[in-house]
Amino acid sequence: MQLRFFELWVLKFISLLGGCLTCFYFQSQWGFNPVTAAALTGLIGSFIPDTKKIESAHIHATVYIGAFIAMGSKVVMAGFPQILFVSILGTTIYFFISPYIKGFGGRMGFVAFISSILGFALRNWL
């Protein structure tokens with residue numbers, strides 16, 4: 001059974017937000033530096049079972065994108081509303097451009113970078 005459009009977006013959003021919040025938690029509560037927190041988040045995300053539905057939704061990739069987003073100090077310092085906003089942006093950007101950047105290296109970091117910059121700019125602009 002294939003996921004419908006909105007269900008797929010929500011599933012990706014939840015996994016991206018989970019990766020972002022996990023990395024944020026490791027930094028704020030346990031005092032880990034951003035690289036260690038992101039690596040630990042990626043390690044935890046790799047234990048998500050690898051079913052056909054999970055693989056087709058790119059859940060592991062979105063967890064890594066969330067960890068990359070939370071590595072940015074501007075996003076983490078702004079708190080939960082900024083993390084939520086950037087997660088929505090990152091999920092939407094990844095959702096729509098992932099078919100076009102398939103096969104390119106660094107696409108998860110690229111999406112995290114663009115969504116972080118865009119989220120920070122929109123926050124200051126609005």
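This is a predicted model: local features need pLDDT of at least 70, side-chain atom pairs count only at pLDDT 80 or more; totals for chains, interfaces and linings use all residues.

Reply: Here is a short walk through confidence, the record's annotations and the helix packing.

Me: Which elements have the lowest and the highest mean pLDDT?

Reply: Helix H5, residues 73–78, has the lowest mean value among the elements of the protein chain, at 68, while helix H2, residues 34–45, has the highest, at 92. Where pLDDT is low, the coordinates should not be read in detail.

Me: Which residues does UniProt list as "transmembrane region"?

Reply: The UniProt entry, which is unreviewed, lists residues 6–26, 75–97 and 103–122 under that name. In the model, residues 6–26 are 100% helix and 0% strand, with the end C-alpha atoms 30 Å apart. Residues 103–122 are 80% helix and 0% strand, and the end C-alpha atoms of that stretch are 30 Å apart.

Me: OK, on to packing. At what angle do H1 and H4 pack?

Reply: Helix H1 (residues 5–29) and helix H4 (residues 59–70) pack at about 40°, with their axes 7 Å apart, and the two are therefore oblique to each other. Their crossing is right-handed.

Me: Which residues of H1 and H4 meet there?

Reply: On the H1 side they include Leu11, Leu16, Cys20 and Phe24, and on the H4 side they include Ile59, Val63, Ile65 and Ile69. By class, the contact of H1 with H4 has 11 nonpolar, 5 polar and 1 charged residues.

Me: And how do H1 and H2 cross?

Reply: The axes of H1 and H2 come within 8 Å and cross at roughly 135°, which makes H1 oblique to H2. This crossing is right-handed. Gly19, Thr22, Cys23, Phe26 and Gln27 in H1 meet residues in H2 that include Pro34, Ala37, Leu40 and Ile44, and by class the contact has 7 nonpolar, 4 polar and no charged residues.

Me: Which residues of H1 show up in its contacts with H4, and again with H2?

Reply: Gly19, Cys23 and Gln27 are among the H1 residues that meet H4, and Gly19, Cys23 and Gln27 are also among those that meet H2.

Me: Switching to the other end, how far apart are the axes of H6 and H7?

Reply: Helix H6 (residues 80–97) and helix H7 (residues 107–125) have axes 8 Å apart and pack at about 135°, which makes H6 oblique to H7. H6 passes H7 in a right-handed crossing.

Me: What does that contact consist of by class?

Reply: By class, the contact of H6 with H7 has 12 nonpolar, 5 polar and 1 charged residues. Phe85, Leu89, Ile93 and Tyr94 are among the residues on H6, whereas those on H7 include Phe110, Ile114, Leu118 and Arg123.

How values were computed
Residues are numbered from 1 along each chain as its sequence is written. Side-chain values use heavy atoms; hydrogens and water are left out. Axes are lines fitted to C-alpha atoms, for helices over the stretch in contact, and angles run from 0 to 180 degrees between N-to-C directions. Helices (H or I, at least four residues) and strands (E, at least two) are DSSP runs, numbered from the N terminus. Angles under 35 degrees count as roughly parallel, over 145 as roughly antiparallel, 65 to 115 as roughly perpendicular and the rest as oblique. A crossing is left-handed if the near helix is turned anticlockwise from the far one by less than a right angle, and right-handed if clockwise. Contact means heavy atoms within 4.5 Å. Ala, Val, Leu, Ile, Met, Phe, Trp, Tyr, Cys and Pro count as nonpolar, Asp, Glu, Lys and Arg as charged, and the others, Gly among them, as polar. pLDDT is the predictor's confidence in each residue, from 0 to 100. UniProt positions are given in the numbering used here, feature names are shortened, and annotations may be inferred rather than shown by experiment.
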